[in-house]
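Open your viewer and get ready to select some residues. This short tour goes from one stop to the next, and at each stop you will read what to look for.

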Amino acid sequence: MKPIFRRWFQKGKARIDRRLDQTRNPLSPEPVLKARNIHYEVSDKAQAIHCGGIGLIHALGQRFGLAKTIDQKLHLLKFHVPYHESDHVLTLAYNPLCGGTCLQDLELLRNDETFLNALDARRIPDPTTAGDFCRRFLASDVEALIDAINEVRRRVWAEQPESFFDCATIDMDGTLVGTTGQCKDGMDIAYDGTWGYHPLVVSLAETGEVLSIVNRPGNRPSHEGAAREVNRSLVLCLEAGFRTVLLRGDTDFSQTQYLDGWNAIRKTRFLFGYDAVPTLVRKAEELPDHAWRRLTRPARYHVNTQPRRTPENVKARIVTEREYETLRLDSEDIAEFEYQPTACRQKYRMVVIRKNITRAKGEAALFDDVRYFFYITNEREWSADAIVFSANDRCHQENLHAQLKSGVRALRAPAGLTHYDSGIAWSTFSK
């Protein structure tokens, strides 16, 4: 940032601090909101756009050679009249960032002179041309685009501090993307009745960036195609120089046929939830009492001043008064043992949590319920508590999914599926 801009921002922050200073607020006989000095001026010398950050995003891509790399890796057009592959890809990416929800919104951007001036572009593709470009993609073309983005990603990572490469935590999960369309190829109905798609999202937990997205019909299971994309992200992180890579996923991703392969890769660790099958539950119930110990979770936040008075729990009071049936967690115990899945040739560390739950109705306790949660890992140095806390941290990926859907609108579905390959459906909207 230039010094003059820094001084402007510092002066503006100082003015706000003075306005918010409680000691400078004397008694006033008039309301604070006066609004007597508002004037409107129209000038042809100044231009403004509603998405002012788009210039910064484009400049960042130019700095690391994003457009040039896309044109080198992706070849879909025989002639560039006038658009190149990078022009199409970046236009499709900028559309949702600027508030667009479908391909037709490109018409608004291509008729915005200020937007075109911000990108120093004579024009951008219209919706029909953009739709034709999307239909050209095959699975190999999507992979070429991913490779181009990953090549630029490594350039960005190369400028990070040395501590950045201590560990790369790769999270994986599926999320439902609904659509109101009725003629989109590949859409299907999900388990909860949602019509749309079920993309697989592979992300880096430390930065929140998405390493890979594979689109699938809405009725496909979460883990389908996950191993292939995880291997791609794993190679990316190892080649980038990360000293350790941790793979995390819920119970759907504990694909035991791949655990031995991941364990054989040096510097690779995995941590997956595991289904509470009867065999594991019986093994946990047979553990001696001394194998269990109480699990103490850290506080959700640290109070820097004085703790505030806890207000009345209105929800709990209403539930008790109306005698609704509720579940209350009383305590958690933790233990571990060695376990060899059927599809594996060696044993791995199985960490189990025993949750002691009381089922109540109103103020009367009905009976106690015991539930078991399992986590399989090849990490031998961490404590069992750290294994559980790390597995729970994977839930932050749900926040990432919400941001991708509502914030940057990266999980919109303006175009249908374009290709099926080995049971995996690929789509250009998610790239």
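The lining of the second largest pocket divides into eleven nonpolar, five polar and five charged residues. Here Ala, Val, Leu, Ile, Met, Phe, Trp, Tyr, Cys and Pro count as nonpolar, Asp, Glu, Lys and Arg as charged, and the others, Gly among them, as polar.

Before you go on, a word on the model: it is predicted, so local features need pLDDT of at least 70 and side-chain atom pairs count only at pLDDT 80 or more, while totals for chains, interfaces and linings use all residues. Residues are numbered from 1 along each chain as its sequence is written, and side-chain values use heavy atoms, with hydrogens and water left out.

**Stop 1: inside the pocket**

Select Asp87, Thr91, Ala121, Arg123 and Ile124, which lie nearest the centre of the second largest pocket among its 21 lining residues. On a 1 Å grid over the protein atoms alone, a pocket is an open set of points where a 1.4 Å probe fits, with protein on both sides within 12 Å along at least five of seven lines; lining residues have an atom within 4 Å of a point. The volume of this pocket is about 360 Å³, meaning the space filled by probe spheres set on the points, which are joined across faces, edges and corners.

Which helix gives the largest share of the lining? It is H4, with six residues. Now colour helix H2 (54-63), helix H3 (66-73) and helix H4 (85-97): each supplies at least two lining residues. Helices (H or I, at least four residues) and strands (E, at least two) are DSSP runs, numbered from the N terminus.

**Stop 2**

Most residues other than glycine have a negative phi, and most peptide bonds are trans. Go to the loop between H3 and H4 to find Pro82; a cis peptide bond joins Val81 and Pro82, with omega about -10°. Next, select Asp120 in the loop between helix H6 (113-118) and helix H7 (127-135). Asp120 is not a glycine, yet its phi is positive, near 55°.

**Stop 3: the three-strand sheet**

Three strands form an open antiparallel sheet in the order S2-S4-S3. Its edge strands, S2 (177-178) and S3 (188-189), each pair on one side only. Two strands pair if DSSP finds at least two bridges between them. Between S2 and S4 (195-197) there are two bridges; for Val177, the partner in S4 is Tyr197.

**Stop 4: the nine-strand sheet**

Follow the order S6-S5-S1-S7-S8-S12-S11-S10-S9 through an open sheet with mixed pairing. The edge strands are S6 (210-214) and S9 (293-294). S5 (200-204) and S6 pair in the antiparallel sense over four bridges, and Val202 has Ser212 in S6 as its bridge partner.

**Last stop: the annotated stretch**

Select residues 52-412, which an unreviewed UniProt entry annotates as "domain: Transposase DDE". Over these residues the chain is 36% helix and 22% strand.

Conventions: UniProt positions renumbered as here; feature names shortened; annotations may be inferred.
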